[in-house]
Amino acid sequence: MPAMNIIQALNSGMDVLLDRDPDVVVFGEDAGYFGGVFKATDGLQSKHGLDRVFDTPINEAAIAAMAIGMAAKGLKPIAEIQFADYIFPAIDQIVSEMSRIRYRSAGQFASGCVIRSPWGGGIRGGQTHSMSPEAFFTHVPGLQVVVCSNPYDAKGLLIASMESGDPVIFFEPKRIYNGPFDGVPDTPLKSWAKHPKGEVPEGYYTVELGKAEIVREGQACTVITYGTLVHVAAAAAEAAGIDAEIIDLKTLTPYDIETIARSVNRIGRVVVAQEAPRTSGFAAELIAQIQEECFYALEAPVYRLTGWDIPYPHAHEWAYFPTRDRFVRAMKTVMEA
Amino acid sequence: MSNGQSRFRVPAPPYRPGDEPDFSYLELQKAGEASRPDPLIAASQTGELATGLVGVLDRDHRAVGSWNPELSPEVLREGLSHMVLTRIYDERMLKLQRQGKMSFYMKSTGEEAVAVAAAMALKPGDMVFPSYRQQGILFARGRNIVDMMCHCISNSRDNLKGRQLPVHYTWAEGKFFSISGNLGTQFPQAVGYAMACTYKGDDQIAASWIGEGATAEGDFHGALTLASTYRAPVILNVVNNQWAISTTQNIAVGDAPTFASKGLGYGVASLRVDGNDFLAVYAATRWASERARKGGGATLIELFTYRGDAHSTSDDPSRYRPRTEFDRWPLGDPIERLKQHLIGGSAWDEDRHARLEEQMTALVVQSYKEAESHGTLHEGPLTPTETIFEDVYAKPDWRLRRQRQDLGV
């Protein structure tokens with residue numbers, strides 16, 4: 001199987017979808033001729049044509065509305081929002097419209113589509129190119145929220161998202177587009193070629209939505225996270241010699257409570273981690289559910305490892321980011337409690 | 001306009017309660033004066049149409065000028081019948097709301113032509129993305145009245161399972177999209193749908209309606225930008241009924257001469273139309289649909305009309321506007337004007353009109369009896385409670401299964 005990075009895997013996923021179904025269309029700001037600012041749609045326009053892969057005006061609300069209208073006519077839109085930080089102009093169309101069309105029409109219409117968006121920090125992007133706004137969307141009935149963490153999953157989750165028939169907010173951790181990240185500031189980039197999940201089949205396959213994966217089995221504590229931090233957690237376990245069990249959530253809504261509860265009930269010590277600011281983040285939802293399901297199995301308070309309640313800083317990026325060292329401290333805290 | 005000094009300005013409506021309304025200040029082009037160009041004219045050539053007023057029925061109720069769609073008396077009587085039904089239905093539903101039979105209602109009094117004439121000028125396969133005041137489309141497209149009422153009283157036969165406020169209809173079979181309460185959102189959605197029509201290569205188009213107040217929303221700008229960029233086959237209707245709840249149109253139009261003129265800067269063909277003139281609305285919609293189907297792209301149509309009654313059952317218009325405004329409205333009543341036109345052409349008379357009203361009243365009364373036999377909001381039966389967990393997703397996930405158990409349904 002060829003080695004791919006996340007960009008190439010996403011590109012391959014869209015290519016497969018475009019090949020298989022003439023109703024699939026791909027669009028976004030700079031997503032056509034130029035292939036997107038991160039090149040995720042590179043070459044798709046020249047292969048599939050101007051009417052299937054095209055540029056849009058700089059209007060995220062209109063991009064989301066276009067997807068809703070197209071889906072009502074039976075098309076399967078994959079829309080790119082250039083950075084997750086730019087998704088807010090589309091919030092009314094996504095939250096008040098797209099998420100509810102199936103419900104408010106009692107199933108007469110649906111808004112099956114994928115909104116892809118580069119997400120998260122660690123690239124010196126400053127406050128407008130580093131956000132992790134997943135919790136704004138996990139709070140919305142009717143949406144599914146996916147965060148991929150490696151090339152294999154990126155492609156399989158993207159195809160599964162398109163096939164789900166419901167709107168999916170598909171966040172792509174741009175820090176790990178080109179290689180996994182160990183959470184140590186300024187370490188040289190590693191390649192996906194040496195990672196088992198960097199091997200990506202060229203053809204069609206899916207990775208099931210709603211299923212988490214235990215990416216490292218362990219006995220000492222459970223770490224539940226998603227996106228870039230999956231790799232930071234693994235690096236922390238290796239660096240500190242901690243036998244952590246690491247769960248990559250992959251789908252945030254609906255999240256895989258069975259996998260979470262099984263691990264937590266067995267181990268009783270938990271770190272939940274997110275890059276986003278702390279208050280009202282998705283970690284809070286996970287912790288609330290863990291105390292409902294696993295309260296009597298807990299040996300220590302659940303540790304919430306997050307960004308701070310501040311806008312994402314530029315120069316002091318690594319003071320904000322949940323780094324490898326902060327993971328080690330979190331794991332030790334729950335193990336020593 | 002300026003006295004040489006910049007001052008903070010908040011536009012005030014011309015008249016508030018207690019004032020004597022006088023609309024003689026409105027400069028309205030007379031019926032027949034605007035000429036009808038080829039539908040594939042360049043958008044930039046529609047400037048006079050955007051600031052003028054497309055009209056067909058003159059003050060003596062004769063059809064005049066090049067916009068006259070030359071409709072047969074049968075078609076006109078059908079239109080009259082749909083408009084009469086719309087008004088009687090609205091009156092009846094308002095009464096029922098006052099009796100506590102439904103939670104909320106919104107009438108379309110005075111705006112019947114805006115919906116009915118447009119729906120009749122479109123093809124049945126064309127998709128409509130209406131706002132909450134175009135119930136006339138449903139009558140023109142032949143929706144079952146009992147079904148409409150079952151929705152409004154949220155009973156066991158409500159096709160929306162009690163999820164939407166009354167009048168927020170959806171009817172996929174009649175190509176009628178789900179109505180939102182959030183203003184203006186349907187405008188760019190309609191453009192996306194229209195783009196998909198051209199992508200699929202079929203002959204269908206889309207049409208949408210928003211109020212003049214909602215043109216201030218970003219979605220108005222988004223819709224026009226998309227429609228122009230992708231030359232989408234869509235008709236974007238702005239129903240200028242003068243009032244956005246208690247706010248007059250001058251809080252949205254700014255210093256622009258008309259709402260239609262706002263389309264010109266986007267490169268979209270733009271018309272201002274007498275919205276109380278059935279023939280003019282029909283003709284303008286036909287013109288725009290021909291333009292759309294022949295590859296000319298979108299048209300923005302401002303329908304100049306007057307909201308004859310309250311915004312909804314939740315507001316009392318006597319608190320913010322003179323009671324006599326509708327009577328003084330210079331463009332009259334759309335039903336009365338079409339009726340007089342037909343009478344003038346000896347295709348209708350007062351007796352027939354009275355019989356039509358009796359028939360429609362009987363139909364509405366009878367339909368309501370049947371609708372009520374399927375339940376009402378307060379007395380039930382409603383759609384089974386467990387259905388609140390359905391249709392959130394194609395398949396419910398564990399959260400919804402557990403929450404349904406929690407509720408015990």
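The C-alpha centres of domain 1 and domain 2 of chain A lie 25 Å apart. The model is predicted: local features need pLDDT of at least 70, side-chain atom pairs count only at pLDDT 80 or more, and totals for chains, interfaces and linings use all residues. Residues are numbered from 1 along each chain as its sequence is written, while chains are lettered from A and ligands numbered from 1 in the order in which they are written.

Domain 1 of chain A spans 6-198 and domain 2 of chain A spans 213-336; such bounds come from an automatic or database domain assignment. The contact between them takes 30 residues from domain 1 of chain A and 29 residues from domain 2 of chain A. Two residues are in contact if their C-beta atoms, placed from the backbone, lie within 7 Å. On the domain 1 side, the elements giving two or more residues are α6 (134-138), β5 (144-147) and α7 (151-163) of chain A. Helices (H or I, at least four residues) and strands (E, at least two) are DSSP runs, numbered from the N terminus. β5(A) gives the most to this side, with four residues. By class, the domain 1 side has 14 nonpolar, 11 polar and five charged residues. Here Ala, Val, Leu, Ile, Met, Phe, Trp, Tyr, Cys and Pro count as nonpolar, Asp, Glu, Lys and Arg as charged, and the others, Gly among them, as polar.

In chain B, domain 1 covers 27-308 + 321-378 and domain 2 covers 385-409. Their centres, taken over C-alpha atoms, are 37 Å apart.

Between the chains, 36 residues of chain A are in contact with 36 residues of chain B. On the chain A side, α3 (60-72), α4 (91-97) and α5 (101-104) each give two or more residues. The largest share, nine residues, comes from α3(A). This side divides into 18 nonpolar, 11 polar and seven charged residues.

Leaving out residues up to four places away in sequence, A:Ala233 touches A:Val223, A:Thr225, A:Ala244, A:Ile246, A:Ala273 and A:Phe327.

Seven strands of chain A form an open sheet of mixed pairing, in the order β2-β1-β3-β4-β6-β5-β10. Strands pair if DSSP finds at least two bridges between them. β2 (53-55) and β10 (251-253) of chain A are the edge strands, each pairing on one side only. The twist averages 20° from one strand to the next. Helix α1 (residues 6-20) of chain A packs on the sheet and touches β1 (24-28), β3 (76-80) and β6 (168-173) of chain A. Its direction makes about 140° with that of β1(A); axes are lines fitted to C-alpha atoms, for helices over the stretch in contact, and angles run from 0 to 180 degrees between N-to-C directions. β5(A) and β10(A) run antiparallel and are joined by two bridges. A:Val146 stands opposite A:Thr251 in β10(A).

A:Gly120 lies in the loop between β4 (114-119) and α6 of chain A. A:Gly120 counts as buried because it has 30 C-beta neighbours inside 10 Å. The cut-offs, with C-beta atoms placed from the backbone, are 20 or more other C-beta atoms within 10 Å for buried, 12 or fewer for exposed, and partly exposed in between. Beyond its neighbours within four places in sequence, A:Gly120 has contacts including A:Ser130, A:Pro173, A:Gly227 and A:Glu275.
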